[in-house]
Structure formats: C-alpha cells, structure tokens
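This briefing describes how the secondary-structure elements are arranged within and between two chains. Please consult the sequence and the structure shown here while reading.

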Amino acid sequence: MSAVAMTVNGKAVTGDVDPRTLLVQFLREHLRLTGTHVGCDTSQCGACVVHVNGKAVKSCTVFAWQLEGADVLTIEGLAEPNGPLHPMQEAFREHHGLQCGYCTPGMILSAIDIVNRKGNELDEHTIRHELEGNICRCTGYHNIVKAIAAGARTMGGGSAGQQAAE
Amino acid sequence: MYEFKYHRPTTVRQAAGLLARQEEAKLLAGGHTLIPTMKLRLAGPKHIIDMSKIEGLSGIEAGARSVTIGAMTKHNEVATSPVVQEAIPALASLASQIGDPAVRHMGTIGGSIANNDPNADYPAACLGLGAIIITNKRRIAADEFFKGLFETALEPDEIITKVQFPKVNKAAYVKFPNPASRYALVGVFVSKRGSEIRVAVTGAGANGVFRVKSFEEALKKRFGPKSLEGMTIPADGMGGDIHGSAEYRAHLVGVLARRAVAAAVA
C-alpha cells in the first residue's frame, strides 16, 4: 500500500492505496470526483487532464503517490457548488463547445492552462496547436476553438466578443 | 499493471544503489514512457525508483561554449527557457515539439535519452549537436551513446545527471510527426560548428537514431539546401510499419534534411 497526501480543490486529502493507483483513479474512485475522465489508456486523448501545481497534467499517466504535497485542481474545483461558472466553463456553454461532454473537462482545464501560458488573446491557429493533446470525437473542434478564444478574453477581463459574460 | 514496490531516494547515490541491488528495477523520471508501458503490461518492473525527490537534477546553465541541462528538466522548461532560446534555439524548438503541452509538463530530457525510443526527438538533438551525456560515473559522447532500439551505453546502475550541448553556428530540427501520437515519423536535426557538420535522423532507422554521412559530406562543401538536391538514402535499414514504409521514411529523410538546412541558414 502507498501513502497518498495532497491538496485537491483546496482541501487536504490523504489515503492509503495500492501503489498502482493512478491519479485519475484516486480522484474518481477514492474521492468520487468523477468529472475527470479516462478516455484512451495511451496518454493521448486528454480527457483526464487536471492541473497539478498550476500546470496541465494527464492524470492517467502519474501515480497518486507521486503527488505528495502537490496542489491538484479538477473540473469540480473551478466553481462553487451553485455558484457562477468559471469564465472558461461559461464560454463552453455559450458557444456550445461540447456534444457528449466526455472530452470537455479535459478541454476546459487544458484551455485554462493555455491562457496561463499564452495569454488572453488567442488566435485560432494557436488554440488548435495547443490542443494537440486533447481529442474530441463529436464536435470537429470548431466550437471548442471558439469557446476557448472567448473564454480566454473573458478571463482577461475583456468582453467575449458578441456577448459579454456576466 | 503488474505489482511493484516504489522507492523515493533523495540522492543519486541512493538511487544508483537501489538500481544495483534490486532485481528488475526501473527509474521513474517524467513517467510518460514508463507508466503507459506498464499500463499496457509491456513492462513490469518489480521496483520503481522515483527520481523526483533528488535535488540538483533540474536546471539549465549556459557557459561560454555550451549549454548544460539537468536530466530531470522538463521538456516545457527547455522549450521556454530564454537561455536555450538564445544559445541553441533549435534545441528549444525541438523540445517544444515533443508530445503535447501536458506531456511536456512532465516528460524529462534524461528520461527521453536513457530510453532511446527510435521515434523520440531528443536523441536526434544529442547526435545532431554532438552532445555529451554526463552520468553518475562518466561522460559519454553522443556518438558512442545510442546503441540500438531502446538501447544505450548506460550500465545497469548508471544514471544520467546532465546533458551538455555545444553551442553551434547554425542548427535546425524539422519533424514530420505521426498525427495521433505526435512521435517523430521522421525527424532530422542538422548543425554546423565551424567545419563540423552533423545530420542526425530519428524515427526512420530500424535501429534507432543515426547520422547520414553522405549528407554531411555534401554539406561540408557548402552548407545550403542545394547541396542536398536529389540526394537520397537507401530504404535498406529504415523501419517500416503501419504508419509508413521503409521507402517512405527514406524519402522523408531527404525531404526533411533539405528543409532543416534551409531553416538553419534562414
């Protein structure tokens, strides 16, 4: 068994789990935070993306015990229950950036990471390039790209284009 | 995945001791090759030695003639480092093309080089720049380091601690990525340092990364894409699989080498 201790969405959590437990399994099965998804098993699809110490990480490709002392943010941590959506979530809602929703939590967390690294004015080419680690089988990516461009602007305090969020 | 015990040493000496003592032990660096391999049961080490708690293995330093990168430095750090971008921009560019953003937040240069995946990018940079791989035991020239498919000159208890890249006059890396995995179907790294020319190819060889002597000779006369006009390498010795035949890869080597030289002189 392995001792696991980290902060998830602002709360300290501990556990004693099989050393083979991946972070995505720890989040989903032990903490019941099922917004993070398992998509491909080959570290390619990005459905499992969370933030670890402020950076996008594929949670299916790291053991829970490696996260000792780390600060983990999942999709559930972006907004208060019954609170307003995070600007990036709101942008995905407004621009219909999803269909089945399976890739969406990973898309949103990757999108926030793109903004953190590349700023609030993102052109289409940049967004598509930065999304190389996120696969969507439903949408063809068009509305995802639109949502991210809009969400990025709102995160920077600007208006989202046609529609100002909040 | 198969069961294992894990260890979190705090010094390189402890890690090397564990490697030497434990049967079927593997080092864990960024984990983005080892863990996927274990998930598929293609690897089943009984002991995993995590390198993340060892201090002093990360970081980038530029000297007068070279840039030295700690083995645990992440791809994203190399890609965005102003030091590397200024000293050897082709190296930063190569690092920025590995995997995807999330992978680049975890993957390490030491892990990539020690693994010597035939489709990885860093081996092309090491061979293409004439890097020196520094371990806990010795310094190994890149020309002597890459031995074959997933095989290096590293001894069983030897650990890469840093990689030293010489600064060069001109260099570029051009990669034709597999559209799904973004591994290099073929990647060519070219460099010129005075009269020393290097053309290193990853992704294409059936035996891993290699230099193209004929291209290097042609470029010695004149370092420009025209020197490689019409030059090809034989398909013999190239790898063929569902992603591309040996002939296709051999063809791409010529195409990408010309593009890399054009980029290097631009």
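In α3(A), the residues M107(A), A111(A), I114(A) and V115(A) meet I144(A), I148(A), G151(A), A152(A) and M155(A) of α5(A); two residues are in contact if their C-beta atoms, placed from the backbone, lie within 7 Å. The model is predicted: local features need pLDDT of at least 70, side-chain atom pairs count only at pLDDT 80 or more, and totals for chains, interfaces and linings use all residues. Residues are numbered from 1 along each chain as its sequence is written, while chains are lettered from A and ligands numbered from 1 in the order in which they are written. Helices (H or I, at least four residues) and strands (E, at least two) are DSSP runs, numbered from the N terminus.

**Helix packing in chain A**

- By class, the contact of α3(A) with α5(A) comprises eight nonpolar, one polar and no charged residues; Ala, Val, Leu, Ile, Met, Phe, Trp, Tyr, Cys and Pro count as nonpolar, Asp, Glu, Lys and Arg as charged, and the others, Gly among them, as polar.
- Helix α5(A) spans residues 142–155, and its axis lies 10 Å from that of α3(A), at an angle of about 50 degrees. Axes are lines fitted to C-alpha atoms, for helices over the stretch in contact, and angles run from 0 to 180 degrees between N-to-C directions.
- The helices α3(A) and α5(A) are therefore oblique to each other; angles under 35 degrees count as roughly parallel, over 145 as roughly antiparallel, 65 to 115 as roughly perpendicular and the rest as oblique.
- The crossing of α3(A) past α5(A) is right-handed; a crossing is left-handed if the near helix is turned anticlockwise from the far one by less than a right angle, and right-handed if clockwise.
- Helix α2(A), residues 87–94, also packs on α3(A): the two axes come within 10 Å and cross at roughly 125 degrees. This pair, α2(A) and α3(A), is therefore oblique, and α2(A) passes α3(A) in a right-handed crossing.
- Residues M88(A), Q89(A) and F92(A) of α2(A) make this contact with T104(A), I108(A), A111(A) and I112(A) of α3(A). The residues of the contact of α2(A) with α3(A) divide into five nonpolar, two polar and no charged.

**The sheet of chain A**

- Chain A has an open sheet of five strands in the order β2-β1-β5-β3-β4, with mixed pairing; two strands pair if DSSP finds at least two bridges between them.
- Strands β2 (11–17) and β4 of chain A stand at the edges, each with a single partner strand, so one side of each is left without a neighbour in the sheet.
- Neighbouring strands of this sheet are turned by 40 degrees against each other on average, direction ignored.
- Strand β3(A), residues 49–52, pairs with β4(A) in the antiparallel sense over four bridges, and H51(A) has A56(A) as its bridge partner in β4(A).
- Two residues lie between the strands in the hairpin of β3(A) and β4(A), where N53(A) takes a positive phi near 50 degrees.
- Helix α3(A) lies across β3 and β4 of chain A and runs at about 40 degrees to β3(A).

**The sheet of chain B**

- An open sheet of three strands in chain B has the order β1-β3-β2, with parallel pairing.
- Strand β1(B), residues 5–7, forms three bridges with β3(B), residues 47–50, whereas four bridges join β2(B), residues 25–28, to β3(B).
- H47(B) is the bridge partner in β3(B) of K5(B), and H47(B) is likewise the partner of A25(B).
- From β2(B) the chain crosses through helix α2(B), residues 34–39, to β3(B) in a right-handed β-α-β crossover; a crossover is right-handed if, with the strands pointing away from the viewer, the path from the first strand over the helix to the second runs clockwise.
- Helix α1(B), residues 12–21, lies across β1, β2 and β3 of chain B and runs at about 170 degrees to β3(B).

**The contact between the chains**

- In the model, 22 residues of chain A are in contact with 21 residues of chain B.
- On the side of chain A that touches chain B, the elements that give two or more residues are β4 (55–58) and α3 (104–118) of chain A, and β4(A) gives the most, with four residues.
- The residues of this side of chain A divide into six nonpolar, nine polar and seven charged.
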